[in-house]
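User: I would like to go through the labels given to this model and see what each one rests on. Please set the values against the cut-offs.

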Amino acid sequence: MKRQMPTTGKKITKYGEKWDSQKELAFYERFIMNKVPPELVTVHEPFILVDSRTIEHQAKIYSWKYTPDIVIRDYEGHFKHVYDVKNIWTKTRK
């Protein structure tokens with residue numbers, strides 16, 4: 001059985017950023033825009049979790065990175081919030 005990969009929505013460019021979905025943009029507009037100073041907000045900033053390296057017998061270990069949708073820092077540059085907006089609606093079980 002062939003595994004089906006998840007699909008992504010249409011990319012949107014607004015406010016000088018490329019948003020992965022309308023839901024992601026709506027989250028930004030509702031909860032962050034005009035509430036957090038723009039200099040403290042980054043969108044799709046990649047973070048290296050593991051650097052790439054070569055080990056025994058020239059085997060290559062590739063780097064791993066995480067790219068959250070939105071990161072908010074304080075004025076000292078420390079992480080305050082990291083958001084990863086999901087595009088899935090789930091039914092509530094009763």
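Analyst: Trp-19 and Tyr-28 are both buried. The model is a predicted one.

User: Why is the pair of Trp-19 and Tyr-28 called tilted?

Analyst: Their ring centres are 4.9 Å apart and the planes stand at 35°. Rings pair if their centres lie within 6.5 Å; planes under 30 degrees apart count as stacked and over 60 as edge-to-face.

User: What makes Phe-27 and Phe-31 a tilted pair?

Analyst: The centres of these two rings lie 5.1 Å apart, with the planes at 50°.

User: Why is Phe-27 called buried, and what is Phe-31 called?

Analyst: Buried means under 20% relative accessible area, and exposed means over 50%. Phe-27 has 18%, so it is buried. Phe-31 has 43%, which lies in between, so it counts as partly exposed.

User: How many aromatic pairs are there in the structure, and which residues do ring pairs link into a cluster?

Analyst: The structure holds 5 aromatic pairs. Tyr-15, Trp-19 and Tyr-28 are linked into a cluster by ring pairs.

User: Which residues of helix α1 are buried, and how do you know that they line one face?

Analyst: In α1, which spans residues 22–32, the buried residues are Glu-24, Leu-25, Phe-27, Tyr-28 and Ile-32. Viewed down the helix axis, these residues fall within an arc of 155°, so they line one face of the helix.

User: What covers the buried residues of α1?

Analyst: The cover includes β1 (12–14), β2 (17–19), β3 (41–43), β8 (70–73) and β9. Just after the helix, Asn-34 takes a positive phi of about 65°.

User: Where does Leu-49 lie, and why does it count as exposed?

Analyst: Leu-49 lies in strand β4, residues 47–50. Its relative accessibility is 58%, and the cut-off for exposed is over 50%, so Leu-49 counts as exposed.

Methods. Residues are numbered from 1 along each chain as its sequence is written. This is a predicted model: local features need pLDDT of at least 70, side-chain atom pairs count only at pLDDT 80 or more; totals for chains, interfaces and linings use all residues. Side-chain values use heavy atoms; hydrogens and water are left out. Helices (H or I, at least four residues) and strands (E, at least two) are DSSP runs, numbered from the N terminus. Buried means under 20% relative accessible area, exposed over 50%, partly exposed in between (1.4 Å probe, protein chains only). The arc is that of the directions from the helix axis to the C-beta atoms. Contact means heavy atoms within 4.5 Å. Rings of Phe, Tyr and Trp (its six-membered ring) pair if their centres lie within 6.5 Å; planes under 30 degrees apart count as stacked, over 60 as edge-to-face and the rest as tilted.
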